[in-house]
Amino acid sequence: MIDLLWLIIALPLAAAVFLHFFGRYLKEPLSGWLASAAIGGSFAVAVVASIPFIQGGEHGETQMLWDWMPAIGAGFEILWDPLSALMTLIVTGVGALIHVFAIGYMHGDERFHRFFTYLNLFAASMLTLVLANNYAMLFLGWELVGLCSYLLIGFWYTRSAPPPAAKKAFVVNRIGDFGFMVGLMIVFTTFGTLSYTGIFARAGDVLSSGLATAIGLLFLVGAAGKSAQLPLYVWLPDAMEGPTPVSALIHAATMVTAGVYVIARSAAIYELSTVAQVTVATIGALTALWAASIALAQRDIKRVLAYSTISQLGYMFLAVGATAYVAGIFHLMTHAFFKALLFLGAGSVIHAMNDEQDMHKMGGLFTRLPVTAWTMGIATLAIAGIPPLAGFWSKDEILGSAFSRGGWFSVLWVMGLLTALLTAFYMTRQWVMVFLGLPRWAEGVEPHESPRVMTLPLVILAGLSVVGGLINTPLRLTLEHFLDPAFELVTLQHPPEGLGMFVLLAGLSVVAGLAGAAAAFVTYRQPHNAWRDFENGLEPLWGTWEEAYRVDDIYGRAIVYPGRRAAEVAAFNVDLPVIDGAVNGLGRLVRGLGDWARPLQTGFVRSYAALFLAGTVVVVIWLVSAS
Amino acid sequence: MVDAGWYMALAGALFFIGTVGLLLRRNALVMFMCIELMLNAVNLTLISAGRALNDLNGQVAVFFILVVAAAEVVVGLAIIVAIFRVRSSASVDELSELRG
């Protein structure tokens with residue numbers, strides 16, 4: 001079975017290459033279906049290959065495809081264990097649904113086939129990342145998904161906003177990558193290899209807690225960049241300039257989860273450093289709260305979801321920081337379902353509203369877009385943590401684990417609870433503003449439900465958001481047993497035992513969720529002027545949230561401007577006068593010497609003869625004196 | 001036998017006359033004659049030194065110099081004649097176009 005695993009990466013990669021060269025000759029929907037088939041094929045292979053894990057007991061195997069750099073333990077080696085299998089299923093499953101949705105969404109775009117080339121290339125890269133058995137292959141996938149993110153955010157590059165957004169994503173990611181690379185260097189110098197098999201089993205014996213802390217913190221820098229945590233999250237809201245399927249796939253369900261995956265995969269290292277664990281969890285909780293507050297005041301339908309993604313990723317970081325790795329991965333999965341659904345639903349709304357994205361100009365869309373409204377409603381309930389939908393189970397497991405770890409983590413638990421309240425508020429606010437109330441849209445916009453190629457993925461994802469949580473309830477920890485072999489080197493944190501504690505903690509988070517949802521519902525169900533007044537009444541706080549605490553402005557003045565000035569000084573005050581001056585000066589010197597020597601060439605035979613004589617005299621004197 | 005020193009002195013004087021003539025005269029043919037004078041002064045030096053030291057190498061060297069001088073004269077006179085045909089003048093001062 002492991003022999004066919006290379007297909008998982010190869011199918012989307014081959015499709016991407018094919019579409020790159022021949023996509024333009026295919027009629028429009030065909031290239032989309034080809035791309036969807038490729039990733040669907042990967043999903044099918046992954047399902048079949050996961051069966052041994054479902055039956056339990058299997059430990060996972062590796063397969064070396066090509067020994068690229070044996071000296072550093074870096075080859076194209078696939079690791080097929082429960083964790084990589086689960087990640088693969090999520091990436092290919094949700095990815096396939098998004099590919100199908102995109103066939104409808106990108107209809108009519110003149111670079112239709114190019115879009116699917118990039119989407120498949122992204123899929124192949126992300127799969128390389130999760131299937132790697134060494135940090136080098138992981139990093140290769142890591143960088144490639146960053147590249148695909150850049151290509152896809154800037155897909156509509158003729159517009160003014162996407163290119164800077166794409167560059168911003170890439171540059172901010174690079175900062176994180178720097179930290180990650182330094183961490184990898186420490187790993188290599190300590191272990192002598194980058195291969196997981198040579199690292200995790202020996203980590204306890206080889207790493208001092210200081211080194212483990214260093215590696216853990218540096219990996220966190222990389223993960224914060226890729227997964228949009230404080231302080232490197234600023235690229236994700238701007239990334240919404242890309243087409244909505246891109247936002248759904250890359251910036252919600254898959255690429256941004258790579259940071260969480262890296263930390264979970266490196267659990268054996270984090271096991272050795274409490275400092276690193278606490279830092280990861282604190283960053284996660286802080287980010288969750290910070291981003292949720294910003295989401296409260298956003299007007300653009302996709303920006304709300306962007307900050308929501310940052311916030312939910314914060315929950316995942318809180319989980320893996322508290323060594324509740326299963327909880328973190330569980331939330332990664334449920335989040336993929338409902339966040340992809342929310343983004344695709346938003347795409348459906350945007351498509352219906354003729355590319356309008358300002359929620360203040362929506363309203364009353366429930367009757368026009370019933371399928372979208374119902375599915376997004378389910379997703380809203382899921383993300384707000386209302387049982388028995390998926391979000392409740394995963395979020396609660398995270399909060400419970402933080403609570404039971406105690407100490408500082410109790411503070412983080414409170415932050416998580418508060419975030420849950422805010423999450424329910426801003427998601428309900430969004431749903432009510434878009435679908436209920438009186439229509440506020442401009443003249444000429446004719447909202448209509450999307451075609452089936454777009455609504456079918458919505459329905460499937462809604463179903464998953466409803467039942468997806470049931471695979472890891474306290475009554476039946478199926479997912480945990482599934483993932484056990486991947487985490488056997490570490491001790492997992494769990495929520496407190498006992499039905500009483502469960503009801504108490506779950507009750508608290510459900511109350512928080514319901515309170516937030518109810519408050520938003522009541523506020524935004526009012527006529528449009530009333531909630532406008534409510535928002536204005538909360539100034540200047542509301543304005544600060546809407547401007548995202550002006551972080552981009554601060555970064556611009558504190559970092560971007562000095563950097564640009566430094567570059568200008570280096571270019572015009574150092575390079576031009578000093579270096580160019582030196583080179584040009586040398587040229588001028590040589591020419592000057594030439595000008596001085598030229599008069600020797602008189603053209604006069606007799607003066608040459610005289611010089612001849614003088615030279616001969618000198619030589620003779622020298623010869624005579626030398627003897 | 002006359003003291004070899006006198007021959008050397010004569011050769012030196014001839015060499016000096018040839019040098020001065022080379023530097024001061026403008027006519028190409030005269031400059032050539034001065035060059036020949038210098039060469040022959042050297043020949044005289046070599047012969048007298050050979051006689052004084054009883055060494056045949058002096059006369060051997062003279063043979064070489066005579067041959068080279070002859071070849072050089074052939075080429076040089078051919079060039080001067082060619083220039084004269086073009087310019088109708090044998091003054092070297094006029095041949096100064098290769099200036100810097």
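Predicted model: local features only at pLDDT ≥ 70, side-chain atom pairs only at ≥ 80, totals over all residues.
So, the largest nonpolar core: it has 213 residues, and the ones with the most contacts inside it are A:Phe122, A:Leu318, A:Ala340 and A:Leu341. Which helix gives the most to this core? That is H16(A), with 18 residues.

Let's zoom in on A:Phe122 for a moment. Setting aside residues up to four places away in sequence, A:Phe122 touches A:Val145, A:Cys148, A:Leu152 and A:Ile250. As background, nonpolar side chains tend to be buried together in soluble globular proteins.

Now let's step back to chain A as a whole. Chain A has 26 helices and 2 strands, and its C-alpha trace spans about 115 × 65 × 55 Å along the principal axes. Of its 627 residues, 52% count as buried. If you take contacts in chain A between residues at least 6 apart in sequence, 81% of them join residues at least 24 apart.

On to the domains. Chain A is divided into domain 1, made of 1-176 + 229-268, then domain 2 at 344-546 and domain 3 at 552-626. How far apart are the C-alpha centres of domain 1 and domain 3 of chain A? They lie 55 Å apart.

Here is a residue I'd like you to find on the screen: A:His360. You'll see A:His360 in the loop between helix H16 (325-352) and helix H17 (370-384) of chain A. Is A:His360 exposed, buried or something in between? A:His360 counts as partly exposed, because it has 14 C-beta neighbours inside 10 Å. Beyond its neighbours within four places in sequence, A:His360 is in contact with A:Arg299 and A:Arg440. For another pair to click on, A:His360 and A:Pro387 are 27 residues apart in sequence and 30 Å apart in space, C-alpha to C-alpha.

Last stop, the two chains together. At the interface, 11 residues of chain A are in contact with 10 residues of chain B. The side of chain A that touches chain B has 6 nonpolar, 3 polar and 2 charged residues.

And for those of you who want the confidence values: the model scores ipTM 0.83 and pTM 0.81. For chain B, the mean pLDDT is 91, and 98% of its residues reach 70 or more.

Key:
Residues numbered from 1 in each chain as written. Chains lettered and ligands numbered in written order. pLDDT = per-residue confidence, 0-100. Helix = DSSP H or I, 4+ residues; strand = E, 2+ residues; numbered from the N terminus. Buried ≥ 20, exposed ≤ 12 C-beta atoms within 10 Å, placed from the backbone. Contact = placed C-beta atoms within 7 Å. Domains from an automatic or database assignment. Nonpolar A, V, L, I, M, F, W, Y, C, P; charged D, E, K, R; others polar. Core = buried A, V, L, I, M, F, W, Y, C linked by C-beta atoms within 7 Å.
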